[in-house]
Amino acid sequence: MLNVAVIGVGKLGSKHAQIYSNLNNVNLLGVCDINKQRAESIARQLHVTPFIHYQDLLGKVKGVTISTPTSLHYQIARDFLNSGVNVLIEKPMTLTLSQADRLIKLSEQKRLSLLVGHVERFNSVVHALKKLSRQPKFIEVHRLGAFTPRVTDVGVVLDLMIHDIDIVLALVKSEIKKIETVGINVLSHHHEDIANARITFKNSCIANLTASRLIGKSMRKIRIFQEDTYISLDYLNQSAEIHRKVKNKMVSSSIDIKKEEPLRLEIKEFINYLLNRKSCPYIDREARDALKIALQIVRKLRCQLRNQKK
């Protein structure tokens, strides 16, 4: 039986804990949150032990989910890796690229798995997309949602757009030539709440990504345009359509998607690495690449925002 724990049981962390509690060969040893009432409430629901200080779990588990504010990711992940614990850390991996590099180096030295919670990778529509996508020419993404006060230490790029950066990098597989950005802060004082990034790749593909946390109704869609074809996918509904050129018109058809819970698949993958692939731990370097581009976009946006205030 594999002992695991969840550090940070807010909205997302509590979902991690619920899934762990229902998996075979896994023992959810406890949940941890600096909010004592929150920790105790989730612990009661799942019949596990509540913890207030994550240090109390060091050495007691073999795997841990870290779902705290991003500013705490590096310190907590470093401490668990140093104590021999495999880590599933929610995105973004860290606040800085140097922190991410240090965690990767530490996981390599300790031969431990380090997986980052890019949950859209496990969305069924993404699996369908990878089979259908070939040399995309233009990619358009919209990820829109409502403002959540729980996310205060990062802007919409690191909170939402980073998912799409991760998927786009996996699809295009080309070096980046240029990044253009625009964004504003409305409800946040120091971070962007809506942003657009136009990424031009060296192979001439262009990706236009828009993310907002100011829209009441959620939207998570991606469209991929390639020669004679374009593909439209809805992450939320796990639905997809393909539009093909037939003679001089476009013919549309739906794509059969087997709907599954992406977060459950992500956690099962993490557990699978711990149980069956101990000799070859998984280290999520792709998440580091997505973070690098996201931080470049954030820096450009911050410069623009500063100039707007002058």
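Modeller: Helices (H or I, at least four residues) and strands (E, at least two) are DSSP runs, numbered from the N terminus. Strand β10, residues 206-212, is the place of Asn-208. The model is predicted: local features need pLDDT of at least 70, side-chain atom pairs count only at pLDDT 80 or more, and totals for chains, interfaces and linings use all residues. Residues are numbered from 1 along each chain as its sequence is written, and side-chain values use heavy atoms, with hydrogens and water left out.

Biologist: Why does Asn-208 count as buried?

Modeller: The relative accessibility of Asn-208 is 15%. Buried means under 20% relative accessible area, exposed over 50%, and partly exposed in between (1.4 Å probe, protein chains only). Asn-208 therefore counts as buried.

Biologist: Which residues does Asn-208 touch, not counting those up to four places away in sequence?

Modeller: They are Phe-138, Ile-139, Glu-140, Val-141, Asn-196, Ala-197 and Arg-198. Contact means heavy atoms within 4.5 Å.

Biologist: What makes Ile-222 count as buried?

Modeller: Ile-222, found in strand β11, has a relative accessibility of 1%, and therefore counts as buried. Leaving aside neighbours within four places in sequence, its contacts include Leu-129, Ile-139, Ile-167, Leu-171, Ile-231 and Leu-233. Glu-140 is another contact of Ile-222; the C-alpha atoms of these two residues are separated by 5.7 Å, although they are 82 residues apart along the chain.

Biologist: How do you know that β7 and β11 pair, and in which sense do they run?

Modeller: Two strands pair if DSSP finds at least two bridges between them. Seven bridges join β7 (residues 138-144) to β11, and the two run antiparallel.

Biologist: What pairs with β12?

Modeller: β11 (residues 219-226) pairs with β12 in the antiparallel sense over six bridges, among them one between Phe-225 and Tyr-230. These strands form a hairpin with two residues between them, and Asp-228 in the turn has a positive phi of about 70°. β13 (residues 239-246) also pairs with β12 in the antiparallel sense over six bridges. Here four residues lie between the strands of the hairpin, and Gln-238 in the turn has a positive phi of about 50°. β12 itself (residues 229-234) is mostly covered, with five of its six residues buried.

Biologist: Why is the pair of Tyr-54 and Phe-80 called tilted?

Modeller: Rings of Phe, Tyr and Trp (its six-membered ring) pair if their centres lie within 6.5 Å; planes under 30 degrees apart count as stacked, over 60 as edge-to-face and the rest as tilted. The structure holds four such aromatic pairs. In this one the centres are 5.8 Å apart and the planes stand at 40°, so the pair is tilted. Tyr-54 lies in the loop between β3 (49-51) and β4 (63-66) and Phe-80 in helix α3 (residues 73-82), so the pair ties together parts that are 26 residues apart in sequence. Both Tyr-54 and Phe-80 are buried. Elsewhere, ring pairs link Phe-138, Phe-225 and Tyr-230 into a cluster.

Biologist: How do α3 and α4 pack, and at what angle?

Modeller: α3 and α4 (residues 97-110) pack at about 10°, with axes 10 Å apart. Angles under 35 degrees count as roughly parallel, over 145 as roughly antiparallel, 65 to 115 as roughly perpendicular and the rest as oblique. α3 is therefore roughly parallel to α4. The contact includes Tyr-74, Ala-77 and Leu-81 of α3 and Leu-103 and Leu-106 of α4.

Key:
Axes are lines fitted to C-alpha atoms, for helices over the stretch in contact, and angles run from 0 to 180 degrees between N-to-C directions.
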